[in-house]
Number of protein chains: 2
Amino acid sequence: MDYNKQSIKLHKRYQGKFEIKSRVSLKTKDDLSLAYTPGVAAPCMEIAKNKEKSWELTNRKNMVAVVSDGTAILGLGDIGPEAGMPVMEGKAVIFKEFAGIDAIPLCINTTKVEEIIKFCKQIEPTFAGINLEDISAPRCFEITKRLEKELSIPVFHDDQDGTAIVVLAALINSLRVTGKVIKDLKVVVNGAGAAGIAITRLLISQGVKDIILLDSKGTIYKGRAKLNDVKKEIALKTNKSKIKGNLKGAIKKSDVFIGVSKANLVNCQMIKTMAPKPILFPMANPVPEIMPNLAKKAGASIIGTGRSDFPNQINNALVFPGIFRGLIDSEKKKVTVKMKVSAAIAIAYSIKKPTKNNLLPKVTDKKVVKAIANAIK
Amino acid sequence: MDYNKQSIKLHKRYQGKFEIKSRVSLKTKDDLSLAYTPGVAAPCMEIAKNKEKSWELTNRKNMVAVVSDGTAILGLGDIGPEAGMPVMEGKAVIFKEFAGIDAIPLCINTTKVEEIIKFCKQIEPTFAGINLEDISAPRCFEITKRLEKELSIPVFHDDQDGTAIVVLAALINSLRVTGKVIKDLKVVVNGAGAAGIAITRLLISQGVKDIILLDSKGTIYKGRAKLNDVKKEIALKTNKSKIKGNLKGAIKKSDVFIGVSKANLVNCQMIKTMAPKPILFPMANPVPEIMPNLAKKAGASIIGTGRSDFPNQINNALVFPGIFRGLIDSEKKKVTVKMKVSAAIAIAYSIKKPTKNNLLPKVTDKKVVKAIANAIK
């Protein structure tokens, strides 16, 4: 199927993938008198007396804002808030279909850190949680950190945490398949944006000792020029041998390649230099760092991409519905590292016997949402 | 029916009057590949190349934001953004039911003029229009005026314009019933908030010459103490005899009383001092300035309130669905005085032969939306 052509067709046909649906009847005068004036004054006054009642008398408990500034849409980069909307609408309908959550896509017209923080704080009274989406690094780190402190509802940056969780889940099952051990792995993460940094942090927390992170200028190491604060911090915990240069050198003898960068940056020759039974997660969207058929030919043992049209989709769509279902149902105010790891384990072990071509559950598998939500509780 | 009790029951039962509904199928891997990655990259790139495509490839064309800071909820006052939500949800479901519009309620956590303006500008890429709601005067005047200039999508403050339009419609039909003539009317408007000011402005534009506006300190006249800028401006065009004092004095010999103030401020004695065939629109919500049965006993010729449980509901729910349907369908960027008057005439003349007890169409009458939308085009 030509996904591009068909997707344009679908988007033209529907002109919007979601809509609002009333849950109450509005056919009679009495219906209106209860849902609107004069009756509506009563629930308003109940909440005015006790703000907590907004969780019982409105849709707030089930509502999540999907907020993006359009600066890092998929692997397409800074294409603006209008152009980010098809992705945010897609997330909204996935939220509803798989977790029953009412997500509102809000693509906003500012890229300033302080303004995005303020925006999220302003909408707090309307929502149960905030899903930040496709906001470019390094701004996303500051925004997420500050909002975790300043909001009393949970905030989750899907490109960081969603991706890190699903990668950890895929890695857990890759180890179950290959027999490799997490503390002995050599891991290369290509791409030091939101996803790359968050994946690296989560893998280190789970015992990965040898991990090299690369940005567009090559490997990251302590003392390298042109490192922002987040990269400086991660340089202290990664690439302890201070390997310099580009991916071609860094990937040698590694067990795991994780790509959150751009199309076609990996070639077959590089895979041939990796350790035995190499595990590759080339996850750039829409076109991965190497196409699965090529990677397989070059000797990859396990291959997972971000796409639903290849086996082993490593997509945060597996994560965010369950995370928010769990956060909302258990009334949690923060997303902790422990929750992230529990979520990854829940995803991984929802497959009883993982294989090379059946690493992760399908995004369409509704059991996963429940498993994650339970793990978070 | 005990609306308060029943409304609390309804709100507790539904815990949110609206929800998100997907318009696309998400059952298969292919469904996901078109609505989300990888296919979704194609519509994103189309919009990135040409922002105007966001009107074709997303729900933007049908989406209106209902923005409130919770400072003037119904007649209840500043009860906060959380407590305003039941009203905003009510508007959202009315938008959908009567105009097919997807309205998103956003109750925000700031009351600062500049921040509310900035907020509305930030969400512009997501919406086709902005319905400001229950934002208290005089801040609402500055916010609306500035947004009319600074946004490229239409903004409509329902408490100002929605109320003014439906009052003009009710007045047009009251004149058809009583035979009174607009230029000879003596009108008293009690309440100089968003609605009172907007009603007064619109009536003056339609030829009303003798009109007195009152705030909580009494009649407004040129040179009075404690007038904000908007009241100073309106003082130049109203109360030319500079009548001082309270409502009891001002209402004497008037043809029309319009109440957008508080419960029970009018008594029978006052009505008895009005001109023959007095027309009363006591519209305070949820409890009017005088209850219709009392007003009738005191001699009122025509009585209309904001409530759906009495005859002659003068409620902006008659206006906003049609206004936005018209604005969206005809791709208008501003709401003009001409549009407001056309909308009022369309509402009034949707009743072929108005009578004392059948002044306006029912809010549940879906023909009104079409009539207003056509009038705007």
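I start with the helix pair, where H15 of chain A passes H16 of chain A in a right-handed crossing; right-handed here means that the near helix is turned clockwise from the far one by less than a right angle. This is a predicted model, in which local features need pLDDT of at least 70 and side-chain atom pairs count only at pLDDT 80 or more, while totals for chains, interfaces and linings use all residues. Residues are numbered from 1 along each chain as its sequence is written, chains are lettered from A and ligands numbered from 1 in the order in which they are written, and side-chain values use heavy atoms, with hydrogens and water left out.

H15(A) covers residues 337-348 and H16(A) residues 367-376, and they pack at about 145° with axes 8 Å apart. Axes are lines fitted to C-alpha atoms, for helices over the stretch in contact, and angles run from 0 to 180 degrees between N-to-C directions. Helices (H or I, at least four residues) and strands (E, at least two) are DSSP runs, numbered from the N terminus.

Which residues meet? From H15(A) they are A:Met339, A:Ser342, A:Ala343, A:Ala346 and A:Ile347, and from H16(A) A:Val368, A:Ala371, A:Ile372, A:Ala375 and A:Ile376; contact means heavy atoms within 4.5 Å. Nine of these residues are nonpolar, one is polar and none is charged. Nonpolar covers Ala, Val, Leu, Ile, Met, Phe, Trp, Tyr, Cys and Pro; charged is Asp, Glu, Lys and Arg; the others, Gly among them, are polar.

Now chain B. Its open sheet of four strands has the order E3-E2-E4-E5, with parallel pairing. The edge strands are E3 (102-107) and E5, each pairing on one side only. Two strands pair if DSSP finds at least two bridges between them.

Going across, six bridges join E2(B) to E3(B), with B:Ser68 partnered by B:Cys107 in E3(B). E2(B), residues 63-68, pairs with E4(B) over four bridges, and B:Val64 stands opposite B:Gly129. E4(B) and E5(B), residues 155-157, share three bridges; there B:Asn131 has B:Phe156 as its partner.

In E4(B), B:Gly129 and B:Asn131 point one way, B:Ile130 and B:Leu132 the other, and all are buried, that is, under 20% relative accessible area with a 1.4 Å probe, protein chains only.

Last, a helix on this sheet: H8 (residues 158-178) of chain B lies across E4 and E5, running at about 75° to E5(B).

Terms used:
Buried means under 20% relative accessible area, exposed over 50%, partly exposed in between (1.4 Å probe, protein chains only).
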